[in-house]
Amino acid sequence: MSSLDDLKTAIDQAFTAYVRHSPTSSSITGSEAGGKVYEVFALGKVAERLTCREGMRLEFVQGQGGGALAMKAGGGPINRNFPHLRVEKNGSTVAELWTDVEFQTLSCIARGNTSPSCLSHTHELDVVMVDSKTKGYPQPKQIWLAVECKNTAFRKEQLRALLGIRRELSLLQEKERTQFDNWPDRYVPASPPSSLIFFSVDPRVHRYTEGPGFFGVHLEHLVP
Amino acid sequence: MKENDYQELVQHVQEWTRRISEDLDEQAAVSARHHELPSRFLLTYLETVTQRFRLESRDGARSALDRLNESLSGEGRVTDLIVIPSEVEAEVWDEEVVSLSRDLPDRSKVVEQLQDIIRTIRRDIERQS
C-alpha cells in the first residue's frame, strides 16, 4: 500500500507534468479546447443514436479544409465551404448536421424581418440538425434537433439560457409530431416541433430535469 | 491510510487545481461534493480532474474523432479537428485556423499517472471496507 507521502509525490509529479505540457497554440486556451472536444464527443453520441435508434445513415461532407471537422469559436450562419454531416433515411437525403451555427429567432421572424438585423435575432447552437440544403441562418421551422454542450460545472443560468433557446425556437403547444420515429422524441410540446438536448459533464443536471421536461427539453449527463 | 490522511490529500490536490484553474477546481469539487468521506471525495475529485485533462489533450481529441467516425457511413472520414477563431471571417480558411487534434499538448502520460493514482486509492478504499 502507498503511504501518504508516496501518494503526495505521485500527485506532485502528475500535476507538474500537466503544467509543463502547456498548449502549443496561443489562439485557444486549454479549457476552450476541452469545450470544443466535448462538443465533438456529443456530436459522436448524437450520430450514434441517430444511426442505431433512427436507422439513419450519416456521411461526412468535406469542406474547404479537406477531412477536417471545423468548430467555430464565434458561431455564424451555415457556410457551405465548411464541413458537415449529411443525413440519409431510406436512401434519401433528409437533413444535415452542422456545428456552431446561429439560428434565426422566432421573435425576429414574428417582427417581420426577412433576415437578422439585431444581435438579439440569432442565437448559437453547438450542434444543429436542419432540413437538407438549408442556407444562412436556419429558421425554427427548418430545425429538427438543437444541442447545447457544457464541459463545465452546471450553473443555473445555463438552464435559464436553455429555456430562452426553447422560447426562441418554438411556442408551447399541444404535442406535435417531430421528424423522428424514436429518438430523441416522437412528439414534443412545441411548435415548430424541434427537439432540444443539453449535454453536461456535471451529474447535477439530473436534479434540474422536471421544469425543462415540461417544454420538451432534455438534460443529460454525458461523460466521455 | 486513514480518513484524515485522505483529508490531507484532498487539500493537496485542491491546491494544485486552484493553481491551474479555478473553473476546473469548481467543476471537480461539484462532482465530488455529495461524498462524505474524504477518501471517496478524493476519488471523485481526481476522476473529474483526469477526465477534464483528457478532454484537453491530443488524445481526447483523437478519441472524440474516432468515436464520431464509427457512426459514419460512406468513404469520408474526419481526419482532423480544427477551431476557427471568432475574429476570423466565416469565409476565410487560412493559417489562423487552430488544429486541435494536432496542436493540443500530448498529455496522455499525465492522464496515465493520474489514473494510476486513482487505482491505488480505489484499492486502498476497497481493502478497508
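Student: Which residue forms a salt bridge with Lys8(A)?

Tutor: This is a predicted model, in which local features need pLDDT of at least 70, side-chain atom pairs count only at pLDDT 80 or more, and totals for chains, interfaces and linings use all residues. Residues are numbered from 1 along each chain as its sequence is written, chains are lettered from A and ligands numbered from 1 in the order in which they are written, and side-chain values use heavy atoms, with hydrogens and water left out. A salt bridge requires a side-chain nitrogen of Lys or Arg within 4 Å of a carboxyl oxygen of Asp or Glu. The closest N and O atoms here are 2.6 Å apart, and the partner of Lys8(A) is Glu8(B).

Student: Which element gives the largest share of the side of chain A that touches chain B?

Tutor: The elements that give two or more residues to that side are α1, α2 (30-54), β1 (57-61) and β2 (68-72) of chain A; helices (H or I, at least four residues) and strands (E, at least two) are DSSP runs, numbered from the N terminus. The largest share, 15 residues, comes from α2(A).

Student: What is the area buried between chain A and chain B?

Tutor: Contact means heavy atoms within 4.5 Å, and 67 residues of chain A are in contact with 61 residues of chain B. Buried area is the accessible area (1.4 Å probe) that two parts lose on being put together, summed over both. Carbon and sulfur atoms give 69% of the total, which is about 5800 Å².

Student: Against which elements of chain B do the buried residues of α1(A) pack?

Tutor: Buried means under 20% relative accessible area, exposed over 50%, and partly exposed in between (1.4 Å probe, protein chains only). Among the buried residues of α1(A) are Leu4(A), Lys8(A) and Phe15(A). The elements of chain B that these buried residues pack against are α1 (3-20), α3 (38-55) and α6 (108-128).

Student: Is Lys89(A) buried or exposed?

Tutor: Lys89(A) forms a salt bridge with Asp181(A), their closest N and O atoms being 2.9 Å apart. This pair links distant parts of the chain, with Asp181(A) in the loop between β7 (171-177) and β8 (187-191) and Lys89(A) in strand β3 (residues 84-89), 92 residues apart. Asp181(A) is partly exposed, with a relative accessible area of 31%. Lys89(A) has a relative accessibility of 18% and therefore counts as buried.
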